[in-house]
Amino acid sequence: MARVGIVGAGAVGARLARQLLTTGVDSVAVRDPDAARARAVVDSLGDGAEHDDAEVDAPFDADVVVLAGPGGVHADHAARFLRQGHSVVSTSDDIDDVRALLALDAEARERGRTVVVGAGFAPGLTCVLAAHGAGRFDTLTEVHVAKVGTGGPACARQHHRALGRMALDWRDGGWVQRPGGSGRELSWFPDPVGAEDCYRGALPDALVIVPAFPGVQRVTARMAATRRDRLTARLPMLWPTHPEGGPGAVRVELRGLRGGATDVVVLGAMDRPAVAAGAVGAVAVQWILDQRVRRRGAAGLAELVDPLPFLAELARRGVKAAVFEGHAHRAA
């Protein structure tokens with residue numbers, strides 16, 4: 001009897017709960033600081049779902065705990081749940097969250113538990129695509145991630161903040177900071193999204209991709225943004241957001257050596273970010289329950305899962321990944 005605790009009943013948490021209940025988990029317990037929202041999600045799920053009105057970091061009666069709420073607090077919550085004996089899946093794309101979650105690696109290994117870091121659209125699906133594409137190279141030298149679109153309101157606010165903060169790139173064996181909103185590149189995403197101008201931002205993808213590929217020389221991440229986004233990135237977000245987000249896409253470009261020659265592979269996927277993030281998080285939970293993760297400890301999905309069966313399971317759930325072959329570009 002598998003039971004999963006979910007903290008966060010927003011666009012991602014609600015979809016993740018439904019994915020879990022329809023694909024093998026016996027019950028889910030949903031917590032959210034907004035009790036009315038949590039009850040509404042539980043009522044929509046039917047049998048197997050229950051509202052847990054305890055404090056969000058109180059002990060859970062669950063096999064795995066998923067953190068699907070707004071970023072900024074995931075590391076503190078994950079540390080508490082880890083010490084209560086739970087494995088944890090975090091969907092956060094906050095760069096400070098991801099850095100602190102990865103720092104739990106030694107403790108998670110010692111406790112024999114898993115902390116999946118960045119189990120969403122990006123990072124998350126991007127990490128699995130990178131791991132899948134890397135298998136085509138004899139030597140992988142570069143990984144460049146780009147994304148467009150947001151999930152619910154919390155995701156939109158995180159996107160807005162990231163554009164105004166310092167970006168973190170991996171270059172020649174060291175970390176390099178660049179201003180958010182700089183480094184414009186025209187990136188091509190799977191149809192119908194098409195071409196979008198993308199810029200640097202405080203995106204955590206490199207933090208979880210670099211450890212998965214020892215020797216990689218360059219890893220960057222960019223996000224699609226408009227002129228208005230860039231001009232207002234350092235101000236509070238002043239416009240309303242769609243409660244369910246909108247269409248989005250991710251693109252992962254890999255460079256390296258194959259058969260003695262340089263080569264480029266571009267993989268991508270198009271979906272609503274909240275829908276894809278819910279599916280990625282649910283499959284990550286299933287991988288933990290089935291003991292299919294490659295190791296204990298805290299890491300991103302590029303390190304923790306065999307990418308091909310993970311992508312096949314996502315496709316079975318309706319998230320068609322690794323089906324786009326786009327145009328290569330050279331990141332600055």
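## Arg200 and strand β11

In this predicted model, Arg200 lies in strand β11, which covers residues 194-200. Its relative accessible area is 6%, and because buried means under 20% relative accessible area, Arg200 counts as buried. Arg200 and Thr220 are 20 residues apart along the chain, and their C-alpha atoms are separated by 8.3 Å.

## The parallel sheet

Seven strands make up an open sheet with parallel pairing, and their order across the sheet is β3-β2-β1-β4-β5-β6-β15. The edges are taken by β3 (49-51) and β15 (297-299), and since each of these has a single partner strand, one side of each is left without a neighbour in the sheet. On average, and with direction ignored, neighbouring strands of this sheet are turned by 15° against each other.

Strand β4 (residues 64-67) pairs in the parallel sense with strand β5 (residues 87-90) over four bridges, and four bridges also join β4 to β1, again with the two strands running parallel. Val64 of β4 stands opposite Val4 and also opposite Ser87 in β5, while Val65 stands opposite Val88 in β5. Both faces of β4 are covered, with Val64 and Val66 buried on one side and Val65 and Leu67 buried on the other.

## Helices on the sheet

Helix α2 (residues 35-45) packs on the sheet, where it touches β2 (27-31) and β3, and the direction of α2 makes about 165° with that of β3. Helix α3 (residues 74-83) also packs on the sheet, touching β1 (3-7), β2, β4, β5 and β6 (114-117), and the direction of α3 makes about 175° with that of β4.

## Two helix pairs

Two packed helices are described by the angle between their axes and the distance between the axes. For α3 and helix α4 (residues 95-102), the angle is about 25° and the axes are 8 Å apart; because angles under 35 degrees count as roughly parallel, α3 is described as roughly parallel to α4. His74, Ala75 and Ala78 of α3 make this contact with Asp97, Ala100 and Leu101 of α4.

The pairing of α10 with helix α12 (residues 307-316) has an angle of about 125°, with the axes 10 Å apart, and this makes α10 oblique to α12. The crossing in which α10 passes α12 is right-handed. On the α10 side, the residues that meet α12 are Ala279, Val280, Val283, Ala284 and Trp287, and on the α12 side they are Pro309, Phe310, Glu313 and Leu314.

## Nonpolar cores

The largest nonpolar core has 103 residues, and those with the most contacts inside it are Val28, Leu125, Val143, Phe213 and Leu301. Helix α10 (residues 273-289) gives the most to this core, contributing 11 residues. A second, separate core consists of seven residues, among them Ala146, Val193, Cys198 and Ala249.

When neighbours within four places in sequence are left aside, Phe213 is in contact with Ala130, Ala131, Ala134, Leu140 and Ala302.

How values were computed
Residues are numbered from 1 along each chain as its sequence is written. This is a predicted model: local features need pLDDT of at least 70, side-chain atom pairs count only at pLDDT 80 or more; totals for chains, interfaces and linings use all residues. Side-chain values use heavy atoms; hydrogens and water are left out. Buried means under 20% relative accessible area, exposed over 50%, partly exposed in between (1.4 Å probe, protein chains only). A nonpolar core is a set of buried Ala, Val, Leu, Ile, Met, Phe, Trp, Tyr and Cys residues joined through side-chain atoms within 4.5 Å. Contact means heavy atoms within 4.5 Å. Two strands pair if DSSP finds at least two bridges between them. Axes are lines fitted to C-alpha atoms, for helices over the stretch in contact, and angles run from 0 to 180 degrees between N-to-C directions. Angles under 35 degrees count as roughly parallel, over 145 as roughly antiparallel, 65 to 115 as roughly perpendicular and the rest as oblique. A crossing is left-handed if the near helix is turned anticlockwise from the far one by less than a right angle, and right-handed if clockwise.
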